[in-house]
Amino acid sequence: MALTQNEAPHLQSGIAERLKRGGTWTWAYVDASGDREDPQHLAALQRRKAEDVLRSAGADADVIDTVMAELEETPGVPAPVSRYVLVHDGELVLSEVLPGAMHAPTSIGHDPVPDLLPLLAHRPLDLPFLVVEVGREGGGYRAYRLGHADVPDQRDEHRVQGRTDTLHKFQGGGWAHLRWQHHTEEIWRDNQNEVATAIDEAFRRLQPKLIVVAGDIRARGLLLDQLSTEARAVVSEVPVDTRASDASETALVEHVDIALARVIATRRHDFEDLLRTHVGRGDNQTVAGIGSVVEALQQAQASVVAIDAAAIGDRTLLALGAVPWIATAPEQAAGAPVIGPVPAVCALVRAIALTDAELLLVNAASLPNGAPAAALLRWPVGPAVPAA
């Protein structure tokens with residue numbers, strides 16, 4: 001199936017509307033990791049370089065000061081980490097700490113068309129997820145969102161401290177042993193029922209695409225038995241007790257990373273399967289190649305657009321100041337003001353946002369004939385329709 005709107009990568013509220021208004025954008029995407037040799041010196045050099053680039057591009061002093069102030073902020077999360085700052089017409093729109101290694105080259109600019117790709121590369125899907133840890137005494141969850149920093153004072157988390165009386169099984173024999181063992185197991189079950197209730201409520205509220213469950217093996221089993229069918233369908237169980245004294249400190253993090261990668265890969269495979277199905281049918285519900293994708297975007301015909309930024313390379317396209325927003329040549333502008341040639345990736349991402357399409361980042365090898373871009377369409381290709 002095609003990506004649904006709530007799964008596709010999204011821009012924070014208001015950016016698409018700002019893109020429609022035009023104006024000038026200033027941005028900086030840089031490595032903000034603190035685990036490098038002499039990180040303060042490197043950060044100072046990085047800011048100086050960014051300042052020089054922005055000044056050369058024509059940014060005024062106030063805009064440069066705004067960007068520099070954000071770059072000076074300590075990320076507050078473990079390395080590796082990067083920062084993305086976006087300013088529109090002098091107003092700070094975004095200052096995002098992006099966990100993980102750099103997903104794109106350093107990007108700094110001042111132009112009518114911003115480079116939004118680094119932000120979307122860190123957030124290829126709008127993917128909320130829960131990390132759950134349980135023990136016989138209870139447990140809890142913490143909510144995260146892919147590509148968003150874990151900020152302590154903004155955490156969505158819940159902890160259940162259940163009953164702990166007689167949690168250790170009675171080691172005697174006979175009738176008393178059976179009675180106390182049953183009593184202890186009932187306490188474990190009640191504790192996990194409370195945790196399951198909290199997770200099901202969070203599932204309904206947050207609609208996570210993944211729930212990672214770690215902790216005591218018996219507690220995990222009791223929890224999974226009591227979760228709703230819908231929540232259990234997105235569970236990935238860590239096969240070790242991450243709370244044990246001899247547990248690996250990285251086991252949970254590694255499992256979460258692998259589970260997230262699988263969710264992202266599944267969505268890409270779903271798109272590729274649907275693309276192949278339409279191509280096989282010959283039903284004109286897809287197009288491939290930059291020129292064809294641009295034509296689809298001009299008519300707001302593209303539903304999902306897949307691009308390989310590396311394969312697109314340093315090509316340029318024309319950004320337009322009004323509908324149809326993008327063109328390969330001036331004669332395609334349909335009377336809209338031509339902003340000018342810009343990197344093709346930036347022009348495509350902007351047009352995708354402006355036409356409410358969905359963006360998917362892929363490898364060109366997975367697209368028809370190795371094209372650097374392809375699209376699923378809202379309606380089949382038909383006779384040429386003049387741009388509005």
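I count two rings of Phe, Tyr or Trp as a pair if their centres lie within 6.5 Å. With that settled, I note that I am working on a predicted model.

**Entry 1. Aromatic rings**

I searched for aromatic pairs and found 1 in the structure. The partners are Phe129 and Tyr144, with ring centres 5.4 Å apart. Their planes stand at 15°. Planes under 30 degrees apart count as stacked, so I logged this pair as stacked. I then looked up where the two rings sit. Phe129 belongs to strand 5 (residues 128-135) and Tyr144 to strand 6 (residues 138-145). They are 15 residues apart, and the pair links distant parts of the chain.

Tyr144 comes out at 25%, so I put it down as partly exposed.

**Entry 2. Helix 3**

Next I went to helix 3, residues 61-72. I get 12 residues and a reach of 16 Å from the first C-alpha to the last. That is close to the 16 Å expected at 1.5 Å a residue.

Which residues of helix 3 are buried? I list Val63, Ile64, Val67, Met68, Glu70 and Leu71. Glu70 is one I marked in the list, as a buried Glu. Looking down the helix axis, I see the buried residues fall within an arc of 160°, so they line one face of helix 3.

What do these buried residues pack against? I noted strand 1 (25-31) and helix 2 (39-56). Strand 2 (81-88) and strand 3 (91-99) are also on the list.

I turned to the face of helix 3 that points away from the buried side. There I found the exposed residues Ala61, Asp62 and Glu72.

I also checked the N-terminal end of helix 3. Asp60 caps it. A side-chain oxygen of Asp60 lies 3.2 Å from the backbone nitrogen of Asp62.

**Entry 3. Salt bridges in helix 2**

I counted salt bridges and got 16. I started with Arg55. Its side chain meets that of Glu51 in a salt bridge, at 2.7 Å from N to O. Arg55 and Glu51 are 4 residues apart in helix 2, so about one helical turn separates them.

Arg55 also forms a salt bridge with Asp52, with the closest N and O atoms 3.8 Å apart. Arg55 and Asp52 both lie in helix 2, 3 residues apart, again about one turn.

Glu51 is partly exposed at 26%. Asp52 is partly exposed at 41%.

**Entry 4. Salt bridges elsewhere**

I moved on to helix 8, residues 251-281. Asp270 and Arg267 both lie there, 3 residues apart, about one turn of the helix. They form a salt bridge, with the closest N and O atoms 2.6 Å apart. Asp270 is partly exposed at 23% relative accessibility. Arg267 has a relative accessible area of 13%, so I logged it as buried.

Methods: Residues numbered from 1 in each chain as written. Predicted model: local features only at pLDDT ≥ 70, side-chain atom pairs only at ≥ 80, totals over all residues. Heavy atoms only, no water. Helix = DSSP H or I, 4+ residues; strand = E, 2+ residues; numbered from the N terminus. Expected span 1.5 Å × (residues − 1). Buried < 20%, exposed > 50% of the residue type's maximum accessible area, 1.4 Å probe, protein only. Arc of directions from axis to C-beta. Contact = heavy atoms within 4.5 Å. Polar contact = N/O pair within 3.5 Å; in protein donor to acceptor, adjacent residues only side chain to side chain. Phe/Tyr/Trp six-rings, centres within 6.5 Å; stacked < 30°, edge-to-face > 60°. Salt bridge = Lys/Arg side-chain N within 4 Å of Asp/Glu carboxyl O.
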